[in-house]
Amino acid sequence: LGPLALLSQSGLSSRQVRLVEQASQSGQSMLHMISGLLDYGEMQDGRFKMSHDPFRISVLAEAVRNALAKQGGEELRVTVRSGAPNLVEGDIDRLRQIFVHLGEYVLESRAPASVSLDFDYENNNLIGEIALDQDGADISWKLDLLMGLNEIEPDQVSADALRPMISSGLISAANGTLTLKDDATGRRVIRVSIPAKPVEF
């Protein structure tokens, strides 16, 4: 990534700039995956700890939006529903990892314009809902895999399940839950709920 950053400052043609940007995005994606795998290893060893620092839900939403946009998800809609507290307590870096990995997993099989991510807050829990239109290729198997990860031994996980496996481990480490439901319009919704106390001024 360092040499790519230097190369991008060397007066490249527009085509070369695009190639360097693509290589850099691949490197960033790999870096996030390695970071997640290291976290997962610490979870398996019982050494993993979540931090509990104040953060703005809007900042989390923006960080997730930016990360997914770099992976081709520019059209994915990310919002924070009204009524959510300004500040909550939690590990914003790990929460970002959860939603970026889940978002990337979904975007492998769905066009960004057919996916939305809404953040909300209910009963001292940060809620993130990834809703998917039913049009397009059937991804039931991917959702079934996502929901069945707790029944699979870590050494039996395929490459397809790396992102959701990391997300699932982080959700468990945060004492959260992961569920799958259908909304009133028939969209499939992946719902993540993570305890997050509001921060009082």
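**Entry 1, K197.** I looked up K197 and found it exposed, because its relative accessible area is 57%. My cut-offs are under 20% relative accessible area for buried, over 50% for exposed, and partly exposed in between, with a 1.4 Å probe and protein chains only. The model is a predicted one, in which local features need pLDDT of at least 70 and side-chain atom pairs count only at pLDDT 80 or more, while totals for chains, interfaces and linings use all residues. Residues are numbered from 1 along each chain as its sequence is written, and side-chain values use heavy atoms, with hydrogens and water left out.

K197 sits in the segment after strand 7 (188-195). I take helices (H or I, at least four residues) and strands (E, at least two) as DSSP runs numbered from the N terminus. Leaving out residues up to four places away in sequence, I list V88, E89 and Y121 as the residues that K197 touches; contact here means heavy atoms within 4.5 Å.

I counted six helices and seven strands in the protein chain. Along the sequence I read the pattern α-α-β-α-β-β-α-β-β-α-α-β-β. Of its 201 residues, 42% count as buried. Of the contacts with a separation of 6 or more, 72% come from residues 24 or more positions apart. The chain exposes about 10,800 Å², and carbon and sulfur atoms supply 50% of that area. I note that accessible areas come from the Shrake-Rupley method with a 1.4 Å probe, and that for residues only the protein chains shown count as cover.

In which order do the five strands of the open sheet lie? I read 2-4-5-7-6, with mixed pairing. The edges are strand 2 (77-80) and strand 6 (177-182), each of which pairs on one side only. From one strand to the next the twist averages 20°; axes are lines fitted to C-alpha atoms, for helices over the stretch in contact, and angles run from 0 to 180 degrees between N-to-C directions. Two strands pair if DSSP finds at least two bridges between them.

I then went through the pairings. Strand 2 and strand 4 (residues 115-122) run parallel and are joined by four bridges, and V78 stands opposite L117 of strand 4. Strand 4 and strand 5 run antiparallel with eight bridges; here D120 has I127 as its bridge partner in strand 5. Strand 5 and strand 7 are also paired in the antiparallel sense, over eight bridges, and E129 faces R191 of strand 7.

I checked strand 5 for burial, and eight of its eight residues are buried. N125, I127, E129 and A131 point one way, whereas L126, G128, I130 and L132 point the other way.

Strand 4 and strand 5 form a hairpin with two residues between them. N123 lies in this loop and has a positive phi near 45°, though it is a residue other than glycine. N123 is exposed, because its relative accessible area is 72%. N124 is in the loop between strand 4 and strand 5 too. Its phi is positive, about 60°, and N124 is not a glycine.

How many aromatic pairs does a search of the whole structure find? I got one. The ring centres of F99 and F119 are 4.9 Å apart and the planes lie at 80°, so the pair is edge-to-face. The criterion takes rings of Phe, Tyr and Trp (its six-membered ring) with centres within 6.5 Å; planes under 30 degrees apart count as stacked, over 60 as edge-to-face and the rest as tilted. F99 is in helix 4 (residues 92-107) and F119 in strand 4, 20 residues apart, and the pair links distant parts of the chain. Both F99 and F119 are buried.

In helix 5 (residues 140-147) I found K142, L143, L145 and L146 buried. Down the axis, the buried residues of helix 5 fall within an arc of 155°, so they line one face of the helix. The arc is that of the directions from the helix axis to the C-beta atoms. The cover over these buried residues includes helix 4, strand 5 (125-132), helix 6 (162-173), strand 6 and strand 7.
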